[in-house]
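Please read the points with the structure open.

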Amino acid sequence: GLFADVTRDIKAVCDVCHRYGTAVKVIFETDALTLDQVLRATDAAIEAGADFVKTSTGFYTGGPSLGAMPELIEKMIAHVNGRCKVKGSGAIRTREHFLQLIDMGIDRMGVGYKSTPVVLGCTPEEAKKMR
């Protein structure tokens, strides 16, 4: 609930990064937050000057790891309303999910190494060549 402090801390990072032309991505562990906390954190990140907000690290262990759920991404994209970009990460394990998020207008996605061949519809060897 210390959103003013969060905004101030993120702004300090944004100010330094932007001085050097580096984009700032703020990662929320959305599985550990309520929707209201996610949206308030999104506002704090935007007010601070963040370029991206991201759903999760993909490594959350404190409960269900749902990551980039379409319902959450839909709400984040609507709430951002063009003020910054949205990156979905965590639990993107099927091609259908991947394409659904693209159709929703997500800006970027993080897909785990083991999920990449499934999501992209290729062999593990082909996925390695895409790096």
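The numbered points below take up the basis of the model, the cysteines, the core, selected residues and the pockets.

1. Basis. This is a predicted model, in which local features need pLDDT of at least 70, side-chain atom pairs count only at pLDDT 80 or more, and totals for chains, interfaces and linings use all residues. Residues are numbered from 1 along each chain as its sequence is written, and side-chain values use heavy atoms, with hydrogens and water left out.

2. Cysteines. A disulfide here is a pair of cysteine sulfur atoms within 2.5 Å. The count is 0 disulfides. Cys14 is in none; the nearest cysteine sulfur, that of Cys17, is 6.9 Å away. That distance is too far for a bond. Cys14 is also buried, at a relative accessible area of 0%. Buried means under 20% relative accessible area, exposed over 50%, and partly exposed in between (1.4 Å probe, protein chains only).

3. Core. A nonpolar core is a set of buried Ala, Val, Leu, Ile, Met, Phe, Trp, Tyr and Cys residues joined through side-chain atoms within 4.5 Å. The largest one has 26 residues; Val26, Phe28, Ala45, Val53, Met76, Val86 and Leu101 touch the most other members. Helices α1, α2, α3 (70-80) and α4 (95-104) each supply at least two residues of this core. α2 gives the most, with 5 residues. Helices (H or I, at least four residues) and strands (E, at least two) are DSSP runs, numbered from the N terminus.

4. Val26. Contact means heavy atoms within 4.5 Å. Leaving aside neighbours within four places in sequence, Val26 is in contact with Ile10, Ala45, Ala50, Phe52, Val53 and Lys54.

5. Thr42. This residue is found in helix α2. Thr42 counts as buried, at 0% relative accessibility. Beyond four places in sequence, Thr42 is in contact with Phe28, Val53, Met76, His79 and Val80.

6. Thr57. Look in the loop between β2 (52-54) and α3 for Thr57. At 32% relative accessibility, Thr57 counts as partly exposed. Its C-alpha is 6.6 Å from that of Glu29, 28 residues apart along the chain. Not counting residues up to four places away in sequence, Thr57 touches Ile27, Glu29 and Ser89.

7. Met109. Strand β4 (residues 108-110) holds Met109. Met109 counts as buried at 18% relative accessibility. Not counting residues up to four places away, Met109 touches Lys87, Gly88, Ile92, Phe98, Leu101 and Ile102.

8. Largest pocket. On a 1 Å grid over the protein atoms alone, a pocket is an open set of points where a 1.4 Å probe fits, with protein on both sides within 12 Å along at least five of seven lines; lining residues have an atom within 4 Å of a point. Volume is the space filled by probe spheres set on the points, which are joined across faces, edges and corners. The largest pocket has a volume of about 270 Å³. Of its 14 lining residues, Gly58, Gly90, Val111, Gly112 and Tyr113 are the closest to its centre. The lining has 5 nonpolar, 7 polar and 2 charged residues. Ala, Val, Leu, Ile, Met, Phe, Trp, Tyr, Cys and Pro count as nonpolar, Asp, Glu, Lys and Arg as charged, and the others, Gly among them, as polar.

9. Second largest pocket. Its volume is about 150 Å³. The lining has 8 nonpolar, 2 polar and no charged residues. α1 (3-19) and α2 (35-48) each supply at least two lining residues. The largest share, 3 residues, comes from α1.
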